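This report describes one model, part by part. Please look over the sequence and the structure before reading on.

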Number of protein chains: 2
Amino acid sequence: MGPSAEPPRSYTIIGVGGVGGYYGARLAAAGHPVRWVARSDAGHLRRHGLRVRSPKGDLHLADLDVYGPGEAPPPADVVVVATKALDNASIAPTVAAAVGPATVVVVLQNGLGVEAPLAEALPGTVVLGAMSFICAVKAGPGEVHHLDYEAVTVGRWAPDGRAAGVSDEVVAVVADLAGAGVPAEALEDLEAGRWRKLVWNVPFNGLSVVLDAPTDRLVGDPSARELVVTLMDEVTAAAAACGHPVPEDTAARMLANTEAMTSYAPSMKVDHDARRPLELDAIYAAPLAAAAEAGAAMPVTAALHAQLAFLDHRRRGVDGERTP
Amino acid sequence: MGPSAEPPRSYTIIGVGGVGGYYGARLAAAGHPVRWVARSDAGHLRRHGLRVRSPKGDLHLADLDVYGPGEAPPPADVVVVATKALDNASIAPTVAAAVGPATVVVVLQNGLGVEAPLAEALPGTVVLGAMSFICAVKAGPGEVHHLDYEAVTVGRWAPDGRAAGVSDEVVAVVADLAGAGVPAEALEDLEAGRWRKLVWNVPFNGLSVVLDAPTDRLVGDPSARELVVTLMDEVTAAAAACGHPVPEDTAARMLANTEAMTSYAPSMKVDHDARRPLELDAIYAAPLAAAAEAGAAMPVTAALHAQLAFLDHRRRGVDGERTP
């Protein structure tokens with residue numbers, strides 16, 4: 001990846017949902033060539049482009065370079081995987097088809113363990129992990145609503161989750177995001193960054209689904225808030241046991257931020273309401289497995305995971321009845 | 001309480017729901033004088049009597065001796081408190097008004113700690129605790145639907161939950177129930193009996209509400225079933241820590257019984273769906289407090305309690321909006 005005097009780095013965005021749509025649009029608006037890999041929305045994106053409604057200013061990108069199922073874009077400098085963290089092994093062929101010898105892959109997803117299936121399918125490719133701290137939803141095909149926040153953290157992935165330090169590729173992606181007006185931070189230890197995000201995701205994603213409540217109802221109720229804290233404490237302790245401690249005040253700060261935030265339905269709640277699959281492996285099963293291996297108990301997280309799995313099984317059972 | 005050659009013991013049933021209605025009707029059908037203390041249903045019961053639909057045979061009792069709000073029945077030999085276990089301190093005056101010098105009080109309710117508020121309000125009165133293992137619901141005023149099971153356990157209450165042995169009063173009430181065709185068992189240790197019932201109530205009452213699922217869906221799903229077992233194990237361990245161990249195979253047998261049982265909505269689910277208050281103190285808060293005092297951790301039970309409390313708070317909040 002060259003110095004900044006060279007032409008702007010090209011990006012391929014795989015997955016044009018709230019997250020991929022938002023950051024891809026910002027990068028495109030900042031002058032980066034952006035290609036879009038979409039599934040069901042490919043036709044709509046070609047015809048109508050992409051609209052982003054945002055408190056920072058709306059965007060409408062027309063004449064998008066869109067690749068639908070079975071179509072591979074030419075290799076980009078950076079490929080951003082912004083699909084749901086559901087089954088990265090199954091999307092590895094799509095990612096591989098978009099990757100050239102010098103391409104850097106950025107896995108911009110929630111949860112733990114999301115990079116490994118892609119890194120294994122792409123030997124020799126530099127893989128970064130990234131997380132977005134953003135309230136953004138796909139309101140429809142080619143329609144992104146950005147509500148609040150937008151910061152991104154980026155770190156170099158390494159096998160076994162060991163800290164890889166801030167590599168040149170991380171610096172370059174962070175610089176591109178910053179140049180597009182997105183606050184971006186380089187992570188010395190990607191895995192610690194992932195655990196830090198789990199401190200928020202584990203309580204709020206799951207409880208919003210099980211209790212059918214947005215974030216403000218959860219932090220505004222004394223019982224639910226205490227349960228949020230219990231879950232945050234379990235994640236914090238598990239992160240430390242796994243060798244990736246998060247800053248001591250992480251839980252308290254996230255709670256305060258969430259209280260200051262507008263009423264928000266976390267992505268898992270949006271997925272559940274839309275009867276889509278939930279990111280249970282990345283946000284619950286993988287952290288629980290890592291914690292168990294490190295000897296850390298997460299009984300309340302495990303219980304919440306079981307409740308979510310029950311709801312997900314029931315949804316799939318009903319879907320199964322619908323499509324015999 | 002006299003020998004069985006004397007006239008049949010008289011009963012006053014306080015609370016004519018599924019439980020009070022069913023057992024009161026069986027006792028009346030067996031020849032016991034029964035008086036009924038009701039609130040909103042008093043007029044209906046006077047006019048139309050009480051109907052019980054049951055696989056054991058239907059009953060219709062007419063010309064009931066009904067006492068409404070502010071009306072006290074003459075003292076009976078036995079007063080059965082069969083209201084919801086919501087706030088026994090607040091119903092103590094109603095119970096006291098129905099009690100004479102020789103009356104025995106039977107607290108036929110779920111949960112832990114339900115006898116103490118009544119015993120404190122009735123110094124010198126013998127207080128028994130009882131639990132019903134029954135699927136029965138009040139389908140409407142004066143309408144009881146008995147679906148399955150009906151066994152009752154009865155034990156002598158003593159301060160601090162210590163085992164009081166099988167007293168004469170326990171023997172008499174067990175004999176009356178058996179004479180009415182109800183399988184009844186005397187408990188040496190009432191508190192152990194209460195913990196044993198909690199092994200079922202803690203998982204199934206709470207999860208049926210939070211996951212909006214009847215018992216068969218819960219035991220039929222691998223994730224929910226594992227969570228049921230986790231909760232059963234917590235209750236079993238807490239019972240032992242509190243000095244009231246339940247038989248070792250309690251959880252396994254209850255799970256097997258529940259699998260063999262028809263699809264069933266536990267009472268808390270019925271209450272929640274009807275937007276009525278939940279028995280959270282008796283079934284969750286009191287066992288959690290007892291376990292905490294005994295040094296037993298119940299993290300998953302505490303989490304489930306917090307979820308239920310959140311739902312109950314929300315219900316009351318909405319009710320509050322409705323009645324400004």
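## Basis and symmetry

To compare copies, they are superposed by least squares on the C-alpha atoms of residues with pLDDT of at least 70 in both. The model is predicted: local features need pLDDT of at least 70, side-chain atom pairs count only at pLDDT 80 or more, and totals for chains, interfaces and linings use all residues. Residues are numbered from 1 along each chain as its sequence is written, chains are lettered from A and ligands numbered from 1 in the order in which they are written, and side-chain values use heavy atoms, with hydrogens and water left out.

Chain A is superposed on chain B by a rotation of 180° with 0.1 Å of shift along its axis, and the RMSD is 0.0 Å. That is the relation of a two-fold axis. The residue of chain A that comes closest to this rotation axis is A:Val300, whose C-alpha lies at 2.7 Å.

## The contact between the chains

Contact here means heavy atoms within 4.5 Å. Chain A brings 23 residues to the contact and chain B brings 23 residues. Of the interface residues of chain A, 100% are also interface residues in chain B, so the copies meet through the same surface. Buried area is the accessible area (1.4 Å probe) that two parts lose on being put together, summed over both. Between chain A and chain B this area is about 1800 Å², and carbon and sulfur atoms give 67% of it. In chain A, the residues that lose the most area to chain B are A:Leu211, A:Gln307 and A:Phe310, together 31% of what that side buries.

A salt bridge is a side-chain nitrogen of Lys or Arg within 4 Å of a carboxyl oxygen of Asp or Glu. Between chain A and chain B there are zero salt bridges. A polar contact is a pair of N or O atoms within 3.5 Å; within protein, one must be able to donate a hydrogen and the other to accept it, and residues adjacent in sequence count only if both atoms are side-chain atoms. Seven residue pairs, both residues at pLDDT 80 or more, are in polar contact across the interface of chain A and chain B. On the side of chain A that touches chain B, α6 (190-210), α7 (215-220), α8 and α12 (299-322) each supply at least two residues. The most comes from α12(A), with eleven residues.

## Helix α8 of chain A

Helices (H or I, at least four residues) and strands (E, at least two) are DSSP runs, numbered from the N terminus. The expected span of a helix is 1.5 Å times one less than its number of residues. At 1.5 Å a residue, the 20 residues of α8 (residues 222-241) of chain A should span 28 Å, and the end C-alpha atoms are 29 Å apart, which agrees.

Buried means under 20% relative accessible area, exposed over 50%, and partly exposed in between (1.4 Å probe, protein chains only). The buried residues of α8(A) include A:Leu227, A:Leu231, A:Glu234 and A:Val235. At the start of α8(A), a side-chain oxygen of A:Asp221 comes to within 2.9 Å of the backbone nitrogen of A:Ser223. Just after α8(A), A:Gly243 has a positive phi of about 85°.

## Salt bridges within the chains

The count over all chains is 30 salt bridges. In one of them, A:Glu150 and A:Lys56 meet at 2.6 Å, N to O. This pair links distant parts of the chain, 94 residues apart: A:Glu150 is in strand β9 of chain A, and A:Lys56 is in the loop between β3 (50-53) and β4 (59-61). A:Glu150 is buried, at 9% relative accessible area, whereas A:Lys56 is partly exposed, at 42%.

In helix α12 of chain A, A:Arg316 and A:Asp312 lie four residues apart, about one turn of the helix. They form a salt bridge, with the closest N and O atoms 3.7 Å apart. An α-helix has 3.6 residues a turn, so residues three or four places apart point the same way. A further case is a network of salt bridges that links A:Lys84, A:Asp271 and A:Arg276. A:Asp271 is found in helix α10 (residues 267-273) of chain A and is buried, with a relative accessible area of 3%.
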